[in-house]
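Student: I am new to this model. Could you take me through it step by step?

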Amino acid sequence: MKSNNARRSVVSDPDLPSGRLFPSASTRSEDFAMHRRMIVLTGALLLPGLAVAQATTGQPLAGSQPAAGPDETQHANATLAAGGIALETSRLALTRAGTLAKSFAELEIAEQETVAAVLRQRAHAPAQALEPKGQSMLGRLENTATGSAFDKAYIAHQIEGHQELLELQEAYLGKGKDPYSRAVAMLARGHIREHLKDLATIQAQLA
């Protein structure tokens, strides 16, 4: 019997293990709206001084003090570099992508701007220009024709970038000790995992 509480229609992806279900296109706007609210809430929790870390340590944290050590600096710089690529390619997608990819781009911009704002609390700041890898990726997208080809290329780049971002968070969580940075990495990891699910859904629908 179909549950009266079921609100989401789903479709199966034949390329994934049996039983894996994805939301249909008709539910995407609701999903993106929900994730956008999650991002805003995360920023509201972190920016005043990261209440999560303060609750963990029992000590107030000065949001503008430098990161605790080289592991934190490496994590922040790498996260900002990879996030900068996701941000700039998503800004391009706002003007070039179709509805589905554009909706993700809006979500990604909000997330990367929030992450950068949170990391600035510890005196980290994004680089003024993309690294060569990011410039090359952005250039390839700029030279991709608008339409299905652009959407597929943008989503493929986002999957690659999010996999890198996930690896960065997990690498830091395996060794980092600073409560503030650990809380940032844990929250970022959760959002990145959700985005990878979203991207898999979009990629399947664009195929």
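Student: At what angle do the axes of helix H5 and helix H6 cross?

Tutor: This is a predicted model, where local features need pLDDT of at least 70, side-chain atom pairs count only at pLDDT 80 or more, and totals for chains, interfaces and linings use all residues. Residues are numbered from 1 along each chain as its sequence is written, and side-chain values use heavy atoms, leaving out hydrogens and water. Axes are lines fitted to C-alpha atoms, for helices over the stretch in contact, with angles from 0 to 180 degrees between N-to-C directions. The axes of H5 (residues 132-142) and H6 (residues 148-173) come within 10 Å, and they cross at roughly 160 degrees.

Student: How are H5 and H6 oriented to each other, roughly parallel or roughly antiparallel?

Tutor: Angles under 35 degrees count as roughly parallel, over 145 as roughly antiparallel, 65 to 115 as roughly perpendicular and the rest as oblique. H5 and H6 cross at roughly 160 degrees. H5 and H6 are therefore roughly antiparallel.

Student: Which residues of H5 make the contact with H6?

Tutor: Contact means heavy atoms within 4.5 Å. On the H6 side, the contact uses Phe150, Ala153, Tyr154, His157, Glu160 and Glu164. On the H5 side, the residues are Lys133, Met137, Arg140 and Leu141.

Student: Which residues touch the most other members of the largest nonpolar core?

Tutor: A nonpolar core is a set of buried Ala, Val, Leu, Ile, Met, Phe, Trp, Tyr and Cys residues joined through side-chain atoms within 4.5 Å. Buried means under 20% relative accessible area, exposed over 50%, partly exposed in between (1.4 Å probe, protein chains only). The largest core has 26 residues, and those touching the most other members are Ala93, Phe104, Phe150, Tyr154, Ile155, Ile192 and Ile202.

Student: Which helices each supply at least two residues of this core?

Tutor: Helices here are DSSP runs (H or I, at least four residues), and strands are runs of E (at least two), numbered from the N terminus. The protein has 7 helices and 2 strands. Those supplying at least two core residues each are H3 (70-96), H4 (99-120), H5, H6 and H7 (179-206).

Student: Is the crossing of H3 and H4 left-handed or right-handed?

Tutor: The axes of H3 and H4 come within 8 Å and cross at roughly 150 degrees. That makes H3 roughly antiparallel to H4. A crossing is left-handed if the near helix is turned anticlockwise from the far one by less than a right angle, and right-handed if clockwise. The crossing of H3 and H4 is left-handed.
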